[in-house]
Amino acid sequence: MAKFEALLEINPKNVQSLAEYIAYCKYYFKPKSEDKIKNYSDFYSLKNDFPFIRQDIRKNSTYKSNETLKDFPLNWLKNEIIGKEKKYVEFDNKDIQIIQKISGIYEESQLNNLQEYVNKLPKYSFAIWFKFQLEAPYFSKDDDEFYIIQNPILKETNFKVPMVRGSGWKGALASAFRELFREDFQNNKEKIESFLRVFGAGSESIKTIESYVFGKSGDLNKAKDSLLKFMLFELGLKIDSNLIKEVKGKNNKEELFQILRDKLSAKTSDSKLPSEFQTHKGRAIFYPTYFDRLSLEIINPHDRRKRAGTNPIHYEVVPKGTEGIFQLIYIPFDGVLKPDEELKAEAEKDLNNLSVAVAILSKQGIGAKIKLGWGKFKIENKKVFLNEELDIPEEWKKCQD
């Protein structure tokens, strides 16, 4: 099991795993010059910098292309740590199982336990679980400032395995969810309400609107600006100049409510702001995903005139074909006082909308570089776990099925 990087015990003469090698390069190796490997006066001076080298590599054709000493750590990573034939590093499955258990993620063999967990949650809670397989590389940049390449992939702090954070899933799924009402939001008010129930609302814009509506602030102009920001940046709506003029032309709270009622929410009355449009936590809890493989990709921008690559850029990625687990638990904690039928209808709508958003996300991709097609995935074994009877989306199966 890998430890926290700075506390990792390293034997410089026997560096083998990815975590040990990266830690060695960061904390032990200090480039003393930019000389070529072949210019090292003797093998022992080279071995002094890299004690894990067991034979003289200066005659090895693989390393003849090293222009400077600085190129060597990356080439050693590609050739010896990742490997020429396998082309990816595979992490110990026991580490993945341990970290998934710590994070509360259930494996396929433990799904009955997930059902038991959902049974203990408030009425109309549900869980969405599926396995997926990457159809293209996945990349999300880590904030590690000192690394062999410029673009290390996001890794879990202690186990050093590549991951998608729960917040990453939430942001990506929210973006896919907005596609359900982005083009025609005035006829999809229920989907906007569903979006706010699932993902919550707590921005400065919604706080400013709340403050004005509940009489804590009398600044109407600030409330109108915040409403436009909320629609544009948080809901991702396509608003035009006519709508901006319409909002700007409102002169009191009642007229502002009219905008909400006409454009965003059928629940808005003349004086009541729906709970969805008030500051609140979302009902969905997103879990991280951990991957057991890591590889390298290169993007080589071309010079348009010469039509040749100018400066290859390395990316550490999770390779195509790697599998992962997605898990989401929905808890309608804020619906305890609502009538049973209303709460059930909300849960069914949210479940259906989430299933559609997941399908959209699988085509859009998750992580960075999705415009290059990275991050797309194929969904397998889709399951829903309920604690009350709900209509489930097509192609999804209940746990007991």
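Buried means under 20% relative accessible area, exposed means over 50%, and partly exposed is in between. I wrote that down before looking at any residue. The model I worked from is predicted.

**Entry 1**

I looked up D225 and found a relative accessible area of 31%, so D225 counts as partly exposed. Its side chain meets that of K248 in a salt bridge, at 2.4 Å from N to O. The pair links distant parts of the chain: D225 belongs to helix 9 (residues 220-234), K248 to helix 10 (residues 241-248), and 23 residues separate them. K248 has 42% relative accessibility, so I noted K248 as partly exposed too.

Next I checked K207, which forms a salt bridge with E204; the closest N and O atoms are 3.9 Å apart. Both residues lie in helix 8 (residues 204-213), three residues apart, or about one turn of the helix. Is E204 buried or exposed? At 59% relative accessibility E204 lies over the 50% cut-off, so E204 is exposed. K207 is partly exposed, because its relative accessible area is 38%.

**Entry 1**

I searched the whole structure and found 20 salt bridges. One of them joins the side chains of K338 and E346, at 2.8 Å from N to O. I looked up E346 for accessibility and got 5%, so E346 is buried.

**Entry 2: H280**

I found H280 in strand 5 (residues 280-281). Its relative accessible area is 19%, which is under 20%, so H280 counts as buried. What does the side chain of H280 reach at 2.6 Å? It reaches the backbone oxygen of Q278. Leaving out residues up to four places away in sequence, I listed the residues H280 touches: L196, R197, G200, A201 and S275.

**Entry 3: S17**

S17 sits in the segment before helix 1 (18-27). A polar atom of the S17 side chain lies 3.2 Å from the backbone nitrogen of E20. I then compared sequence and space for S17 and I81: they are 64 residues apart in sequence, and their C-alpha atoms are 6.9 Å apart. S17 has a relative accessible area of 34%, between the two cut-offs, so S17 is partly exposed.

**Entry 4: a sheet with a helix across it**

I traced three strands that form an open sheet in the order 1-8-11, with antiparallel pairing. Why is one side of strand 1 (89-90) and of strand 11 (313-317) left without a neighbour in the sheet? Each stands at an edge and has a single partner strand, so one side of each has no neighbour there. Strand 1 pairs with strand 8 (residues 293-299) over two bridges. I looked up V89, and its bridge partner in strand 8 is L294. Helix 3 (residues 72-83) lies across strands 1, 8 and 11 and runs at about 140° to strand 8.

**Entry 5: the nonpolar core**

In soluble globular proteins, nonpolar side chains tend to be buried together. The largest nonpolar core here has 123 residues. Which members touch the most other members? They are L173 and L264. I listed the contacts of L173, leaving aside neighbours within four places in sequence: F199, F286, F326, L328, L354, A357, V358 and L361.

Notes
Residues are numbered from 1 along each chain as its sequence is written. This is a predicted model: local features need pLDDT of at least 70, side-chain atom pairs count only at pLDDT 80 or more; totals for chains, interfaces and linings use all residues. Side-chain values use heavy atoms; hydrogens and water are left out. A nonpolar core is a set of buried Ala, Val, Leu, Ile, Met, Phe, Trp, Tyr and Cys residues joined through side-chain atoms within 4.5 Å. Buried means under 20% relative accessible area, exposed over 50%, partly exposed in between (1.4 Å probe, protein chains only). Contact means heavy atoms within 4.5 Å. Helices (H or I, at least four residues) and strands (E, at least two) are DSSP runs, numbered from the N terminus. A polar contact is a pair of N or O atoms within 3.5 Å; within protein, one must be able to donate a hydrogen and the other to accept it, and residues adjacent in sequence count only if both atoms are side-chain atoms. A salt bridge is a side-chain nitrogen of Lys or Arg within 4 Å of a carboxyl oxygen of Asp or Glu. Two strands pair if DSSP finds at least two bridges between them. Axes are lines fitted to C-alpha atoms, for helices over the stretch in contact, and angles run from 0 to 180 degrees between N-to-C directions.
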